[in-house]
Amino acid sequence: MIDWQYSESIESSDILSIKKKYSNYIGGKFVEPKSKKYINSISPSTEEVLSKVPLSNKQDINSAVNSAREGLEVWSKLTPNQRSRYLFKIARLIQERSREFAVLESLDGGKPIRESRDFDLPQVAANFFYFAGWADKLDLSWATKSLKPYGVVGQIIPWNFPLLMLAWKIAPALATGNTVVLKPAETTPLTALLFAEICEQAGLPSGVVNIVTGDGSTGSLIVNHKDINKIAFTGSTQVGKLIQKSLAGRDVGLTLELGGKAANIVYEDAAIDQAVEGVVNGIFFNQGHVCCAGSRLLLQESIHDQFVKKLEKRMQSLRVGNPLDKNTDIGAINSKEQLDKITSLVNEGVEDGGELFQTQCELPGNGFWFRPTLFTNVQPSYSIAREEIFGPVLTTLTFRTPEEAVEIANNTEYGLSAGVWTEKGSKILWTADRLEAGVVWANTFNKFDPSSPFGGYKESGFGREGGRHGLLSYLKASS
Amino acid sequence: MGNIKTSDVSIEWSSVLEMVHESRIDSVGLNERVSSLATRSIKKDSKLEALNMIVSMCDLTTLEGEDTEGKISQMVAKAIKPNPLDNSVPSVAAVCVYPSLVGIAKEKVQNSNVKVAAVSSYFPSGQVPMESKLLDTKYAIDSGADEIDIVINRKAFLEGDYRKVYDEIVALKEVCQDVHLKTILEVGDLKTYENIRKASLISLAAGSDFIKTSTGKLSVGSSRQACYVMLKSVLDFESETGIKAGIKVAGGIRDAKDAIRYLVMINEEMGSDWLNPELFRFGASSLLDDVLKQIKKLKTGAYQAGYYFPRG
Amino acid sequence: MIDIKKTYKNYVDGKYVRSESGKTYTKELKNEFYELPLTSKKDIRDAVTSSKDGFMKWSSTTPYLRMQILYRLSEMIEGNKESYVELLMDHGLTKQKAIKDIDESIQNIVWFAGLADKWEQMAGNLNPVSEEYFNISHQNPIGVVFSLSGSNISLNDLLMSILPSITVGCSVISYSEENSVLALKFAEDINNSDFPSGSLNILSGKFENVLDDVSKHVEINLVALHKELDNDGLKAIEQNASESVKRVISQPSLEGLSSILPYLETKTVWHPKGT
């Protein structure tokens, strides 16, 4: 019998040179912050400081918004075909430098290189390619004549898919003729700043894309800036509500892509082995730092025991560790703060009476880590069944009939995504129709494509990103 | 078929039917899982062990009309000592021949650990009356075969007569008794994953000790996807009955890299219990040579030419 | 002082109801004097309860039936054209303007009736994703819509504050201030039509009395303001709305397909294609 070990197959980071200090990208130039203040960006897998980035203040935001306003003058005078070609060029440059981006994404954010390399980066390029083609076909996109760009768009993005969220924001905004001020998340600013180099390389007119870094206070300065025409935000429901409130009474467009607590419904007539894989992918993809994660597993009572047994066995084969190791399935939790939040919710789940299962894998010493976790014997009232945990923690509930499954699935303020597993076609359509969710994955989970609209019902936000529908988030229907 | 005595190992038809009816597989999801398993890479130290393990799991095979005593002697010699210059390379698990050559093979393996397997039941088509299949099998066993590789009745299977498929295997297992029975599904004929799963469960329930992907006589041989379906069936069968059955993959596994991917999949999905020639085999002719090359390459650091290794 | 000739009630859940508060206010037109219900907070809650139920019924009728019910409404207004013209003239419109308003109203109902079984083909589509999946985006009506009608005395304007959302299957609570007499007369046609109870509730009163309740009520999914509010009013509504991420639209576009888009939630469904 051999001691079967996978090699540490480390993606080399030689390809990359991380600067000691970064500047904002405003008006086509890298400019030091007027605030003179910086924040550290650390690697969550080692806690090592990777670099420091500006903590932008009001003056910095002013100059970014002013530059976007000037950029709009140039951008709006280009032909749609010219705008299209800039986006194509950006897409191509990203493809060319994708290894560099993938390594940086895994270093700065903690996600496994397998995901940043095989998922994030290909999707980033695909988004720019997809929206590039729309830029000169807006007149064909919707059967209505009243759609116009907003103007200057402020975009605030989260830390779970740093560069992909940038692509989801910038590609459609530029394709529809807007210019942007984008703020990456406090803990994952580096790939956005590397993207600024792509803008330079592509010769994008100055001011069309402006990237400013900082924390929540910086985001709030963008939201409250009087010369912003639209805000696009992806992040927590809590912050989304604050933004909506800040914009009250102002003629500023808003789209919100917020939290979720997706139900992943497994009927007894599902293809069980694929359902197990889908459930694993649904919650453990990207450490569970996914707003549409399938965090509530809804099992039909008749298959509960069999399913849980298979699931636990499958979870044992998940490898937690160095994000740059190609064999790693689950990387580092993005920050200390997030790790504390996950830990405290899991403790609460145990106190409430949930039955805890965690895999036995070894965890690295430094950095922020959390074992893949499954709760069974959970009541719908427990906080682990209601609150978004945003970590590798799955909660199991049971149901008896399709009606009950739908009722439990919809019994939440969120409505971002849901999963349905059954080999019976009519049951899929029946269930999908009744789920209050913007994305329904049937016999699959966590699939994304630039052509496929994404966004929520209810308190998961409004507006869609991706697809033809995603264009509407950046076009204003004028009365 | 009439009068078949149900042996101890075979499972009641009613429960077989129940399992067969629950064969639900989503092919897209399955393909995605199998390709994600292919991205695992193993350590260099483990790699050498893995390659030696592959050798020990090989059923070195020749199944040709042109097979002669001389050919069998060559192959058995290679089976016992795959690399005469390196004693750390183990013997293969078995040699696999037609029934008429079992006697010769048996004579040549002598005291080694190498077993003699015979393909019977009118391999590869199986298109003869049951009486002939029984006779074919009985002949191989009487000639000393340690293991019997049979083919399922694909005609009956594709016509939906699952009962007939099951009954035939039960009858052949009766003939085999303690002789290891490997049942070939011929996945290339079955086409869909659900068919592969149904055939796996029927074969296991009928008392097969192993289920095997292919005869090697079709252009479509084994695939990791088919193997995945089979291993899931074996695991589900184990959880129903407590019986651990083996898997043999054959046909189309040309190189060491591919074989390692199979082992990674077995390890991830079934665990190390199945990393064992008693429960996992490769049906191979050209695979062995590549594995031997890779072993030498690992030891010497140099890429190898085929002529360093004896013909099989 | 002229005698009170007409007393109107709110139209909720398919019935004419007084305000639970018992309060009314009066509106004097050229020839008549109306007593109108002053909708209270409790009335709003009742209307929402009815609208939730009405939404279930209305959104589950077939597009083909919704089309016919809307078309039937146009026939009824056509049949009552004279009385509408008279009422508009009583509000001070010239006969010519009044006739034009009713003609436009009928045109628009017919336009939306014909849209009821087509908008899904214009707003939804298959998405060409790169893997082996079937992927389709289609729309669901957003749910219960509260619509504050504009201050113009116009049946057409009133209808345009209702038609886009009701056509796609939303239930609507239509609230009028200046337009109340017209709206509550219109309720009579709704009552005689085949709209399921609760699918369209019609209320009258002073919006400022209920602004807070409307904008905070979590079961109202969208607030549509067809009337220009002062900035404080709009701000208060949007602030309250943010507590439940409620959609608020102000002076929305009424042009073609744009008119219905705010009332739709896009749902995208994925399914593998395999054997």
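The area buried between chain A and chain C is about 3400 Å², and carbon and sulfur atoms give 51% of it; buried area denotes the accessible area (1.4 Å probe) that two parts lose on being put together, summed over both. Of the area that chain A buries against chain C, 14% is supplied by G249(A), K447(A) and Y457(A), more than by any other three residues. The structure is a predicted model, in which local features need pLDDT of at least 70 and side-chain atom pairs count only at pLDDT 80 or more, while totals for chains, interfaces and linings use all residues. Residues are numbered from 1 along each chain as its sequence is written, chains are lettered from A and ligands numbered from 1 in the order in which they are written, and side-chain values use heavy atoms, with hydrogens and water left out.

Contact (heavy atoms within 4.5 Å) between the two chains takes 47 residues from chain A and 42 residues from chain C. Across this interface 2 salt bridges are found, a salt bridge being a side-chain nitrogen of Lys or Arg within 4 Å of a carboxyl oxygen of Asp or Glu. K447(A) forms a salt bridge with E131(C), with the closest N and O atoms 3.8 Å apart. On the side of chain A that touches chain C, the residues comprise 20 nonpolar, 15 polar and 12 charged; Ala, Val, Leu, Ile, Met, Phe, Trp, Tyr, Cys and Pro count as nonpolar, Asp, Glu, Lys and Arg as charged, and the others, Gly among them, as polar.

Strands also pair across the interface, pairing requiring that DSSP find at least two bridges between them. Strand 17 of chain A is joined by 3 bridges to strand 13 (residues 264–272) of chain C, and the two run parallel. In this pairing W441(A) stands opposite W270(C). Strands (E, at least two residues) and helices (H or I, at least four) are DSSP runs numbered from the N terminus.

In chain A, 29 residues of domain 1 are in contact with 32 residues of domain 2, and the two domains bury about 2600 Å² between them, 56% of it on carbon and sulfur atoms. The domains are linked by 2 salt bridges. D329(A) forms a salt bridge with R114(A), the closest N and O atoms lying 2.5 Å apart.
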